[in-house]
Amino acid sequence: MADTRVDIDSFLARPLIARIATPGPTLRPVWFLWEDACFWWLTDTGNHLHRSVREGKPLVLLVDACDLDTGEVIAVTARGQAEVLALDVELARRKLSRYLGDDETTWDPRFAGGLELPSTRLMRLAPTSIVAKDMSYNP
């Protein structure tokens, strides 16, 4: 159920941080790309989130914003099961450019170099449910 005051696509186009939780528990912040009604992010085959997704555990993804100066308070919560996919370098670059800019020569080598690692994978969440809430106020 989406709050009709929230344009989910416009909100998720902003370079915000998502937090992903799985049973286990694990909670991890990620940079994400919202494309084709799916969340996309990078992972490594050696971490707990990767193992949880490979085991088919459900997850919850939260993207929120709280600006005390403007009074904007918006949260988008998505639920479902993600999948691990082979690395799509072009999609990964689109995601990274949201946060690091278009000039890859200025990117921190940790991010650009991650695309070269054999353990880097792509995760995709096509939410089975997505809820948007606008709790904004007039400061």
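**Exercise 1.** In this predicted model, find which residues touch the most other members of the largest nonpolar core.

*Solution.* Step 1: the core has 27 residues, and the ones touching the most other members are L12, F32, F39, W41, L61 and V63. Step 2: now see who supplies the core. At least two residues each come from α1 (8-12), β1 (17-22), β4, α2 (48-54), β5 (59-67), β6 (72-80), β7 (82-85) and β8 (120-125). Step 3: β5 gives the largest share, with 4 residues. As a bit of background, nonpolar side chains in soluble globular proteins tend to be buried together.

**Exercise 2.** List what L61 is in contact with, skipping its neighbours within four places in sequence.

**Exercise 3.** Look for a second, separate core and name some of its residues.

*Solution.* This one has 5 residues, including C38, W40, L91 and L122.

**Exercise 4.** Where is D36, and what is its phi?

*Solution.* Step 1: D36 sits in the loop between β3 (33-35) and β4 (38-44). Step 2: its phi is near 55°, a positive value in a residue other than glycine. Step 3: most residues other than glycine have a negative phi. Step 4: D36 is exposed, because its relative accessible area is 68% and exposed means over 50%.

**Exercise 5.** What is the phi of A37, and which loop holds this residue?

*Solution.* A37 has a positive phi of about 60° although it isn't a glycine, and A37 lies in the loop between β3 and β4.

Terms used:
Residues numbered from 1 in each chain as written. Predicted model: local features only at pLDDT ≥ 70, side-chain atom pairs only at ≥ 80, totals over all residues. Heavy atoms only, no water. Buried < 20%, exposed > 50% of the residue type's maximum accessible area, 1.4 Å probe, protein only. Core = buried A, V, L, I, M, F, W, Y, C linked by side-chain atoms within 4.5 Å. Contact = heavy atoms within 4.5 Å.
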